[in-house]
Every structure is written in C-alpha cells, then in structure tokens.
Amino acid sequence: MIQKVKRLVNNAKRIVCIMGQEAMVECGGVNLWSPDNFYRIEKQYRKSPEEMLSAGELTARKVYFYEFYKNEVISTLPEPGPTYDAMKKLQEAGKLSEIISFNIYGLEYRAGLRNVIELSGSVYDNYCPLCKKRYPIEYVAGAKGTPLCEECKAAVRPNIRLHSEKVQNDLYTQAVLACKNADMILVLGGNLSGSKMRYCTGHYEGDKLVVIHSEPNYSDKFADYVICKSPKDVLPLLAEGV
Ligand SMILES: [Zn+2]
C-alpha cells in the first residue's frame with residue numbers, strides 16, 4: 001500500500017495535509033483524552049478536559065482554567081519530528097500546497113512550513129481581549145496565576161479554540177477551498193469521523209483521500225487509501241526522492 005500511495009504522491013501537484021492528534025502525540029505532545037489522562041484529570045479537577053478547556057470555564061472560573069492550562073496544556077510542548085521534516089521536503093518540491101491543522105502547538109510553523117491553516121489556533125499566540133495586545137507563550141507560562149495584560153489588566157487568553165467556541169469563518173473557508181482544489185489529501189494522525197474533518201474533506205472532489213494513522217477507525221471506509229501506521233513511519237518514505 002505504501003508503494004502505491006508513494007506513486008500517487010510522485011504524480012501529485014497539489015497535496016493538502018490535514019494534521020490530527022496523533023501527529024502531535026508522536027512529536028512528544030500529551031493526549032489529554034487518552035483513557036489514563038482523562039481519568040486522572042476527571043479525578044484531579046473533577047471535570048473533563050473539555051469542560052476545563054471551555055469558554056465557560058475561562059469566563060466563570062479563570063483561576064482554575066489557567067491552572068489547568070499551564071499545568072496540563074503547555075507544560076509539555078511537542079517538537080516537530082520526522083513527519084514534519086517529510087512535509088517540508090514535499091513543500092520544497094512544490095507538491096504540498098496547504099496544511100490544515102487541528103492541533104494547537106504550532107508544529108507546522110515551527111517546522112518552517114508555509115500556507116498553514118490552524119483551525120484550532122495556537123498556544124504560541126496569546127492576546128488581550130480588550131486592547132488586542134499579543135503576548136508570547138512565555139508570558140502566560142511564567143505568570144503567577146492568571147496572566148494579565150500589561151496595558152489594561154484584562155486576562156490574556158490563548159488564541160486557541162476552546163470547547164463550545166466556533167472555528168473562525170474565514171479559516172473554515174480557507175480550509176474548504178484548500179480541500180476543493182487539492183489533487184490529493186493526506187490525513188496524518190487523525191481519522192475522518194469528526195464533523196469538522198468531514199466538512200473539510202467533504203469538499204474534496206478527487207479520488208486520492210489517504211488516511212495514515214496507527215489506530216483503525218470505522219471512518220476509514222470513507223478514505224480511498226488507508227495506511228495503519230504512525231505518520232512518522234510512513235511520510236518520510238512517501239517523501240523520499242520527490
Ligand atoms: Zn490589554
């Protein structure tokens with residue numbers, strides 16, 4: 001299967017990569033939704049990761065939101081690995097046109113990739129909701145308690161999509177257009193079961209929708225090709241010699 005998909009990659013001109021959670025975890029990131037973490041978080045915070053990372057929590061229980069955010073979300077920051085090196089190769093070869101990411105760790109930009117659509121935002125981008133001043137991640141991580149804006153003392157928030165917040169319309173439009181114009185889509189470390197993923201890939205009109213992830217999912221049947229391995233073990237092979 002890898003050889004077959006590799007031939008398709010060799011002939012493709014407008015590949016779109018869609019990054020799912022496994023692409024972040026294989027770079028050393030933490031999956032808060034893994035059974036172990038989910039259980040630990042429910043026990044420790046008495047709420048699910050969704051509830052802790054919700055707009056409601058940020059509004060009503062700031063102290064707890066930032067405690068959770070600092071201790072669980074940005075305490076371990078993944079670093080771009082082999083999957084991202086391979087994507088860089090594909091982009092330099094003029095094959096990879098856009099990258100759509102559902103992750104929040106800015107791995108694509110940090111790997112030097114261009115044309116990245118961060119549907120869930122990035123922990124590296126933080127802002128004051130009042131005066132819009134931007135802050136680096138270090139400012140949030142280093143703050144005692146709630147990070148406050150130097151200008152207006154409002155709580156600085158990460159520019160990530162919290163649970164119950166919508167994806168910005170213009171980002172969605174960009175993602176849909178990218179999929180519509182793609183001649184091949186590689187879903188890396190994710191599956192096609194989520195509604196946002198389905199919405200994006202639903203606009204793809206070709207017959208080269210490839211899913212590469214290590215855990216089989218019922219939604220694999222919607223893909224044209226499925227490779228059940230970690231992206232980091234597959235993408236370098238696909239990008240070899242392009
Ligand atoms: Zn401000």
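The crossing of helices α7 and α12 is left-handed, a term used if the near helix is turned anticlockwise from the far one by less than a right angle. This is a predicted model, in which local features need pLDDT of at least 70, side-chain atom pairs count only at pLDDT 80 or more, and totals for chains, interfaces and linings use all residues. Residues are numbered from 1 along each chain as its sequence is written.

Helix α7 covers residues 82-92 and helix α12 residues 231-239; their axes (lines fitted to C-alpha atoms over the stretch in contact) come within 8 Å and cross at roughly 25°. The two helices are therefore roughly parallel to each other, the label for angles under 35 degrees. On the α7 side, Pro 82, Thr 83, Ala 86, Met 87, Lys 89 and Leu 90 take part, and they meet Pro 231, Lys 232, Leu 235, Pro 236, Leu 238 and Ala 239 of α12. Contact here requires C-beta atoms, placed from the backbone, within 7 Å. By type, the residues of this contact divide into 9 nonpolar, 1 polar and 2 charged.

Turning to the whole protein, the secondary structure comes to 12 helices and 9 strands, taken as DSSP runs (H or I, at least four residues, for helices; E, at least two, for strands). The C-alpha trace spans about 55 × 35 × 30 Å along its principal axes. Of the 242 residues, 40% count as buried, that is, with 20 or more other C-beta atoms within 10 Å of their own. Among contacts between residues at least 6 apart in sequence, 64% join residues at least 24 apart.

Conventions:
Axes are lines fitted to C-alpha atoms, for helices over the stretch in contact, and angles run from 0 to 180 degrees between N-to-C directions. Angles under 35 degrees count as roughly parallel, over 145 as roughly antiparallel, 65 to 115 as roughly perpendicular and the rest as oblique. Two residues are in contact if their C-beta atoms, placed from the backbone, lie within 7 Å. Ala, Val, Leu, Ile, Met, Phe, Trp, Tyr, Cys and Pro count as nonpolar, Asp, Glu, Lys and Arg as charged, and the others, Gly among them, as polar. A residue is buried if 20 or more other C-beta atoms lie within 10 Å of its own, exposed if 12 or fewer, and partly exposed in between; C-beta atoms are placed from the backbone.
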